[in-house]
Amino acid sequence: VNGVLLLVVTSIIVAEAVHRLRHGSYPVLGLPMLLAAVVTCVVLLLGAVVLGRAAGREDVHMRSVLIDTLADATAAGAVAVAGGIIAATGRFMADPALALLVGGLVVVAALHLLRDGLRQLRGERVDFDLD
């Protein structure tokens, strides 16, 4: 379920990013965006540390929680970068461009999660060692 939801949400984000790249983005205040994203990224990375690498090896449920937390931290990091670019240059296109990049990373992780979940549902042994 988590893998499917990651794909659905990422699809919506990618569609909005493409729309903003084609039709322009809304004005955004870069510095507040940067500060909020840095705080969010730090909190999410601390959450991933609490979960630990072992969460990725335990079972499909813990792996999905870890992947979701790391995906959110990656998105927050990209938002921080976009906020910095916007604050420095006043150009708003960095936000949707980075959303496409992060979306691609999240889709890859979600597809691996779905593959492992389906294999486990079929009764196959799944190695949860992080590649």
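## Salt-bridge network

Arginine 119 has a relative accessibility of 24% and counts as partly exposed; buried means under 20% relative accessible area, exposed means over 50%, and partly exposed lies in between, with a 1.4 Å probe and protein chains only. The model is predicted, so local features need pLDDT of at least 70 and side-chain atom pairs count only at pLDDT 80 or more, while totals for chains, interfaces and linings use all residues. Residues are numbered from 1 along each chain as its sequence is written, and side-chain values use heavy atoms, with hydrogens and water left out.

A salt bridge is a side-chain nitrogen of Lys or Arg within 4 Å of a carboxyl oxygen of Asp or Glu. By this rule there are five salt bridges. Arginine 119 pairs with glutamate 124 at 3.3 Å, N to O. Glutamate 124, partly exposed at 35%, also forms a salt bridge with arginine 122, where the closest N and O atoms are 3.2 Å apart. Arginine 122 is exposed at 59%.

The side chains of arginine 115 and aspartate 116 form a salt bridge at 3.2 Å, N to O. Arginine 115 is partly exposed, with a relative accessible area of 38%, whereas aspartate 116 is buried at 1%. A network of salt bridges links Arg115, Asp116, Arg119, Arg122 and Glu124.

## Helix H5

Helix H5 covers residues 94–121; helices (H or I, at least four residues) are DSSP runs numbered from the N terminus. H5 has 28 residues and spans 40 Å from its first C-alpha to its last, close to the 40 Å expected at 1.5 Å a residue. The expected span is 1.5 Å times one less than the number of residues. Glycine 123 follows H5 and has a positive phi, near 90°.

The buried residues of H5 include Ala94, Leu98, Val106 and Asp116. H1 and H4 are among the elements that cover the buried residues of H5.

## Core and helix H4

A nonpolar core is a set of buried Ala, Val, Leu, Ile, Met, Phe, Trp, Tyr and Cys residues joined through side-chain atoms within 4.5 Å. The largest such core has 14 residues, and Leu6, Ala82 and Val106 have the most contacts inside it. H4 and H5 each supply at least two residues of this core. In soluble globular proteins, nonpolar side chains tend to be buried together.

Contact means heavy atoms within 4.5 Å. Leaving out residues up to four places away in sequence, alanine 82 touches Met33, Ala94, Asp95 and Leu98. With the same exclusion, isoleucine 85 touches Gly90 and Ala94. Isoleucine 85 lies in H4 and is partly exposed at 36%. Its C-alpha is separated by 38 Å from that of glycine 117, which is 32 residues apart from isoleucine 85 along the chain.

Threonine 69 also belongs to H4, which runs over residues 60–89. Threonine 69 is buried at 14%. Beyond residues up to four places away in sequence, threonine 69 touches Leu44, Gly47, Ala48 and Leu51.

## Nonpolar surface patch

Val4, Val8 and Ile12 make a nonpolar surface patch of about 260 Å². Patches consist of residues with over 30% relative accessible area and no salt bridge; like charges are joined within 9 Å, and nonpolar side chains (Val, Leu, Ile, Met, Phe, Trp, Tyr) within 5 Å. Areas come from the Shrake-Rupley method with a 1.4 Å probe, and for residues only the protein chains shown count as cover. Valine 8 sits in helix H1, residues 2–23, and is partly exposed at 44% relative accessibility.
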